[in-house]
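This note comments on a single-chain model and is arranged as numbered points.

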Amino acid sequence: MYVATAALQSVRRPVPEHLEEADIHREIKQLKGFFTDEQAQKFTGGDRGELLTATTILVMNQRLLFNRKLEEITSTSFADGILIGMRAADDDLQSLAVIGMLAVELCGFLEKQHITSEYGLAENLLNLIRDRDSKVYNMMSELASPSAGETPNDLMYVNDPLYLTSEEATEFFVQSHEFDVDFNDFIEMVAAKNSPAQLQLAYQFFEVRWPVYLKILGLGRQFNHDELVEENVHNVRFEFSLVWIFAKGLKLGAIVDLAKVFHQFMKFCLDQGLLTSRQYAVLQRLGNQELITSVTCRNLDQWENAVAYQQKSEEGLTIADKIFTNPNYTISVPKAKKSLATIDTTPVMAFPILNDHPFKLKKELDQHQLDLEMKHVHKLLTTFRKYAAFEPSEADWAIYEAAILQIHHDMVVDYNRRLRQWTMESLEICLVQIYQSNRTLDKKPAFFRLLQLYLYIIEDEGAVKNADALIDGVEHSMSAYIAASTNRLTRY
């Protein structure tokens with residue numbers, strides 16, 4: 001590569017004979033926000049480690065071959081580095097296109113952070129590659145084209161309604177690529193009903209830890225049109241008893257909303273050809289029956305209290321037949337409110353939190369420790385806004401910032417934990433408690449995608465040790481969030 005680029009005009013002479021590792025570290029430190037950019041990550045399959053490696057190669061290429069620090073990089077030096085320097089080492093077209101797209105994304109980041117003095121750096125680089133190598137440019141264009149299931153970055157943090165994305169982009173509210181159906185159409189259909197409670201429950205169907213939609217469609221695959229006969233009914237009922245575990249946390253009105261969302265989902269799947277008419281009819285009937293059974297049995301364990309569970313289950317089936325009297329075994333709201341009022345519908349926690357380690361540490365933290373924590377958090381939030389590759393509305397940002405501040409505050413006050421002492425379990429229980437009283441997040445599910453990004457960025461800052469473990473804690477709290485918000489939003 002050195003021989004290929006030595007005589008180029010974009011090389012700043014004299015070129016250093018060697019480069020200190022500390023110099024590269026200083027350069028890479030300025031790019032922390034780039035490594036959490038979803039658009040950049042897609043070129044390395046969502047792997048942040050691979051993105052770091054590829055970006056480091058780009059930066060070293062400019063320092064070693066062109067004697068240029070980040071602020072001295074130009075579109076010409078980048079184009080020369082890729083089309084001449086890197087091509088001398090590897091002439092594979094797709095590899096050059098991938099590194100070219102990463103370079104364009106990096107140029108955009110440098111512009112946003114005001115690290116470059118060249119106006120239009122990213123666009124200039126793209127134009128140079130187009131003019132100098134049409135094959136590389138065309139391959140880059142293919143890579144840049146949105147693929148199935150890919151979420152435009154400006155939709156990742158929109159709440160009205162939330163846009164379902166892929167697991168490569170986030171851990172929160174996703175859809176699988178295995179179906180030739182975009183379930184965002186279902187979300188749009190529910191949103192059109194103008195029921196915030198039902199929309200929250202629709203999101204629950206696509207929650208990563210408990211993907212209701214996959215479980216229901218899995219039943220459609222497991223029992224085809226001819227196999228939904230009496231001897232398989234027990235198996236289907238059992239599977240639905242697992243599907244509706246999260247419903248244990250819902251109040252009476254929210255149960256009615258869930259029955260309506262279930263019907264909308266089943267009708268959507270029928271219309272999209274994902275279910276036959278017989279599957280639709282039978283699965284809807286059995287699913288509705290088990291939904292009511294999940295309410296009547298919510299305080300019982302079917303293994304430890306088998307007799308009592310069986311009695312309550314039969315009671316649930318009787319109630320279901322009284323309230324699902326509309327066509328296609330759908331719910332009659334007046335009958336449902338009347339019948340469900342006769343049973344205990346007090347919500348219980350659907351997924352108990354493991355407490356292998358204490359949530360609250362023994363050493364009490366005083367006001368001084370709280371002040372230090374909050375001062376630290378304000379600095380982290382400033383860094384986060386600087387590096388985050390999106391711009392929420394000021395109204396949304398005020399809600400998100402307040403929620404993050406509350407998490408840090410409550411972790412200190414209620415659990416005696418500064419940021420470095422957070423664990424998956426303690427963060428989960430803290431969030432569950434916050435959901436019970438914080439109404440501002442009720443219609444803001446995109447917050448959790450932002451919280452994931454926040455945890456990754458502060459990990460890059462060295463503020464937490466294991467962002468993935470903490471994100472698991474957030475993920476485990478999702479059913480509690482949906483339940484608490486839906487219970488407040490329901491109109492029934």
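1. N326 is partly exposed, because its relative accessibility is 35%, a value that falls between the 20% limit for buried and the 50% limit for exposed. The model under discussion is a predicted one, and the remarks below should be read accordingly.

2. As to its setting, N326 sits in the loop that runs between helix 15 (306-323) and helix 16 (333-340). When neighbours within four places in sequence are set aside, N326 is in contact with I331 and S332.

3. How many salt bridges does the rule give? The count is 14.

4. R12 and E72 form a salt bridge through their side chains, with an N to O distance of 3.4 Å. This pair links distant parts of the chain, 60 residues apart: R12 belongs to the loop between helix 1 (2-5) and helix 2 (21-29), and E72 to the loop between helix 4 (48-66) and helix 5 (75-89). R12 counts as partly exposed because its relative accessibility is 32%. E72 is likewise assigned to the partly exposed class, given a relative accessible area of 25%.

5. A salt bridge also joins R63 and E27, whose closest N and O atoms are 3.8 Å apart. Here too the pair links distant parts of the chain, R63 being in helix 4 and E27 in helix 2, 36 residues apart. Are these two residues buried or exposed? R63 is buried, since its relative accessible area is 10%, and E27 is buried at 5%.

6. Between E373 and R418 the side chains meet in a salt bridge at 2.5 Å, N to O. E373 is buried, with a relative accessible area of 1%, whereas R418 is partly exposed at 22% relative accessibility.

Conventions: Residues numbered from 1 in each chain as written. Predicted model: local features only at pLDDT ≥ 70, side-chain atom pairs only at ≥ 80, totals over all residues. Heavy atoms only, no water. Helix = DSSP H or I, 4+ residues; strand = E, 2+ residues; numbered from the N terminus. Buried < 20%, exposed > 50% of the residue type's maximum accessible area, 1.4 Å probe, protein only. Contact = heavy atoms within 4.5 Å. Salt bridge = Lys/Arg side-chain N within 4 Å of Asp/Glu carboxyl O.
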